[in-house]
Amino acid sequence: MALTTQQASRPAASTPVGAWPIALAGMVALAVAMGIGRFAFTPILPMMLSDGVVDLPGASWLASANYFGYLLGAIVCTLQPWIWARLRWLPALAFSSLVRAGLLATGALTLAMAWPYPAAWPVLRFAAGVTSAVVFVYTSGWCLAQLSRRGVPAMGGFIYAGPGAGIVVSGLLASGMVARHWPAATGWMILGVLAFVLSATVWQVLRGGDERLRALGAPAPSALPAPTAAGLTVAAHHGTAEMAVLTLAYSLAGFGYIITATFLPVIARAALPGSAWLDLFWPLFGLGVMAGALLATRLPNSGDMRVRLSLCYAVQALGIAASLWSPSLAGFAIGSLLLGIPFTAITFFGLQEVRRLRPATAPGFIGLLTTAYGLGQIAGPPLVALLLKHTATTGEGFNLSLQIAAGALLLGAGVYGWMVKAYPMRAPAVNR
C-alpha cells in the first residue's frame with residue numbers, strides 16, 4: 001500500500017509495542033549488508049593498494065563487479081513475481097528468512113575476501129553485491145510493512161540510517177588498522193566477524209510476518225487498510241511515461257555519488273599526502289548518511305517527494321563541488337557530509353514516491369528503481385578507469401570524473417523539477 005499523506009506521518013508520541021525492535025533490526029541488517037557487504041571495500045582499498053595486491057584500474061573493476069551483482073540482485077527482486085508465477089513449485093519464502101540468509105552470506109563473503117587468491121575476488125564481490133540487493137529490498141519490504149501495521153510507517157526512515165552506521169564503524173576500524181599498518185586481509189577478516197556478530201544481535205527479531213515471495217496475481221496481505229475509491233482514482237492517472245522518467249532520474253543518483261563513494265580515501269590521499277585526517281573522511285560520510293536518514297523521518301509527508309529528491313541531488317552535487325573547489329581538509333570534510341546527508345534520504349523519498357504512484361505493485365517497482373540505481377553505479381568505476389588511462393595524472397583523471405558526476409546529479413535535480421510541472425500531484429476527490 002502507498003504511504004499516503006494521511007497515513008505516513010511522524011512517529012506517534014506513544015510508539016506501539018514492538019516498533020522500535022523492528023526499526024532497529026532493519027537498521028542493523030542494512031548496516032551489515034550495505035555498510036559492510038558493499039561499502040567496506042572503500043576504506044579497505046587503500047590497504048589493498050599499499051599491500052600491492054591491486055592497482056587502481058583493478059580496483060575499479062572489483063567495484064564494478066560488486067555493483068553488477070547489486071544490479072542483478074535488484075533485477076531478480078523485480079522479476080520475482082513473474083519467476084514464481086512460472087515456477088510454481090518454488091516455495092513462498094518469507095522476506096524475513098531471505099534477510100537472515102543474506103546476512104549470513106554477507107559475513108561469509110566478507111571473510112572470504114581475506115583469501116589470498118585475487119582471481120576469486122571479482123566473484124566474491126559480485127556475490128556480495130547480489131546479496132546486498134536482496135537484503136536491501138526485502139528488509140525494506142518486511143520492516144515497512146511491519147511498521148505500517150503498527151501505525152508508524154514514518155519510523156521506516158530509521159532503518160535507512162543503517163548503511164551510514166555500517167560505514168562509520170567499518171571506516172573507523174579501517175582507520176585504526178591503517179595506522180597500525182595491518183594488511184588488508186586482516187581488515188576483511190575483522191569486518192567479516194563483525195558482520196556475524198551484528199547479525200546475531202537481531203536474529204530473533206528478523207522472523208515471522210506474512211510478507212512472502214509470491215506469484216504474479218497471488219493475493220498478498222495488506223500492511224495498511226484497503227485503498228478507497230478516491231485513492232485508486234488518484235493512482236490511476238500515473239502512466240508508464242511518468243514511471244520511466246522517475247526511474248531515469250533515480251538512476252542518475254547511483255551514477256552521481258558512486259565515484260566519490262568508491263574512491264574518496266584514495267582521492268583524499270592524492271590531494272593531502274601525509275595528512276592525519278585522511279582516513280576519517282569516509283566515516284564522516286557515514287555520519288552524514290545517518291544524520292540525513294534520521295532527519296528524513298522528522299519531515300511531514302505532506303510535501304512533494306520530487307521536490308525533496310531534487311534538493312537532495314543538488315546537495316550531493318554541491319558536496320562533490322566542495323572537494324573540487326577546495327581540495328583541502330575543510331573541502332573534503334564539507335564535501336563528505338554534503339554527499340552523505342542526502343544518501344539514504346534519496347532512497348526513503350524515492351520509495352515513498354513509488355508507493356504513491358504504484359500502491360498495489362510497490363515491491364516490483366522498488367526493485368525496478370533499485371535496478372536503475374545499480375545501472376548508474378556500474379557506469380561510474382569503469383569511467384574512472386578510462387579517464388585515469390587517458391589523462392596525464394591521477395589527480396586530473398579523478399577531477400574530471402568528479403565533474404561528470406556532479407553534472408549528472410544536477411541533471412537529475414532538473415528532471416525532478418520538470419516532473420513537478422509535467423506531472424502535478426492531484427488531490428483525491430472528496431465526497432460531499
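Buried denotes under 20% relative accessible area, exposed over 50% and partly exposed in between (1.4 Å probe, protein chains only). The model is predicted, with local features requiring pLDDT of at least 70 and side-chain atom pairs counted only at pLDDT 80 or more, while totals for chains, interfaces and linings use all residues. Residues are numbered from 1 along each chain as its sequence is written, and side-chain values use heavy atoms, without hydrogens and water.

**View 1. Aspartate 304 in the loop between helices H10 (281–297) and H11.** Helices are DSSP runs (H or I, at least four residues), numbered from the N terminus. Because its relative accessibility is 16%, aspartate 304 counts as buried. Beyond its neighbours within four places in sequence, aspartate 304 contacts (heavy atoms within 4.5 Å) Val420 and Met425.

**View 2. Packing of H11 (residues 305–325) with H13 (residues 343–357).** The two axes (lines fitted to C-alpha atoms over the stretch in contact, with angles from 0 to 180 degrees between N-to-C directions) come within 9 Å and cross at roughly 160°. H11 is therefore roughly antiparallel to H13 (angles over 145 degrees). Residues of H11 in this contact include Leu309, Cys312 and Tyr313, and those of H13 include Ile346, Phe349 and Arg356.

**View 3. The largest nonpolar core, with 122 residues.** Such a core is a set of buried Ala, Val, Leu, Ile, Met, Phe, Trp, Tyr and Cys residues joined through side-chain atoms within 4.5 Å. Met48, Tyr160 and Tyr313 have the most contacts inside this core. Helix H9 (residues 240–271) supplies the largest share, 17 residues.

**View 4. Surroundings of tyrosine 160.** Residues up to four places away in sequence aside, tyrosine 160 touches residues including Phe136, Leu144, Val289 and Phe348.

Key
Helix = DSSP H or I, 4+ residues; strand = E, 2+ residues; numbered from the N terminus. Parallel < 35°, antiparallel > 145°, perpendicular 65-115°, else oblique.
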